[in-house]
Amino acid sequence: MITTIFTFLFVFLAIVIYIIYSFRWVALFFFLLLVFIICIKARKDIKKHGSGSIFRAFHKYPSRNQQLRLVKNILRNKLNIHSIFEFDSELIVGISRGGIYVLKVLEAVGRISGDCCDTTLLLKNGDTAIIPNYFLELDIIEKKIKKEIKNAVIKKIIVKKGTCIFEIPYTKEYIVVGMHNFYYQFQMFEKKVNYTEEQVKTIETSFSNYLSKNVKLKENACTRHKSKLQSK
């Protein structure tokens, strides 16, 4: 990726130098104008989405929790999900007119094998490790939501890195999507509207009330709700 960027910049710079040499001041004027417009746009994007939106190719691949922060940033700033409830370092619930999204954001790297109905799964990355079954975790949260919100439209989603390979048979009730394709996949989900604005507000209130009774809410200055499950 970085090699491609440097190649593009080198070719672009060579063309610019040739044009400037050939057409002198007229070309220089338009070039400076283009640079000015690009800088303005970059400044707006950095202010809205952070420096990662511009210089992501030069960043190290997300370490622990950064993957989750990236997902939450996309949900809030680019997809305008109404509310986000955080349960732990890998699990969040988003609520919007498209439905209720239960997302497991994986930090795992390697090959994951087993069955979606097994109690545990196997992660192979050099050594073999036993890990929790992410599908069952989504099922548990789904049941909790359906007890509180009748006829809830729920999508159970696992977001993984490109270096994480699933070798697990699973049904269509689960959605496994790579981080590189998450934004575009979520846009497709949001095209189908299942709730009105009033219904979304009612669901948010019901879910927030449930959490206030059953979990300890995290303090956060953000207007969107966030919470963390307590172990029972």
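Which exposed residues are carried by the face of helix 6 turned away from its buried side? They are Y184 and K191, where exposed means over 50% relative accessible area and buried under 20%, with partly exposed in between (1.4 Å probe, protein chains only).

## About the model

This is a predicted model, in which local features need pLDDT of at least 70 and side-chain atom pairs count only at pLDDT 80 or more, while totals for chains, interfaces and linings use all residues. Residues are numbered from 1 along each chain as its sequence is written, and side-chain values use heavy atoms, leaving out hydrogens and water.

The chain has an average pLDDT (the predictor's confidence in each residue, from 0 to 100) of 77. Over residues 216–232, pLDDT stays under 50.

## Helix 6

Helices (H or I, at least four residues) and strands (E, at least two) are DSSP runs, numbered from the N terminus. Helix 6 spans residues 182–191, and its buried residues are F182, F186 and F189. Seen down the helix axis, these fall within an arc of 50° (taken from the directions from the axis to the C-beta atoms), so they line one face of helix 6.

Five strands make an open, mixed sheet in the order 1-2-3-7-9; two strands pair if DSSP finds at least two bridges between them. Strand 1 and strand 9 stand at the edges with a single partner strand each, so one side of each has no neighbour in the sheet. Strand 1 and strand 2 run antiparallel, joined by four bridges; E86 has I92 in strand 2 as its bridge partner.

Note on methods: Contact = heavy atoms within 4.5 Å.
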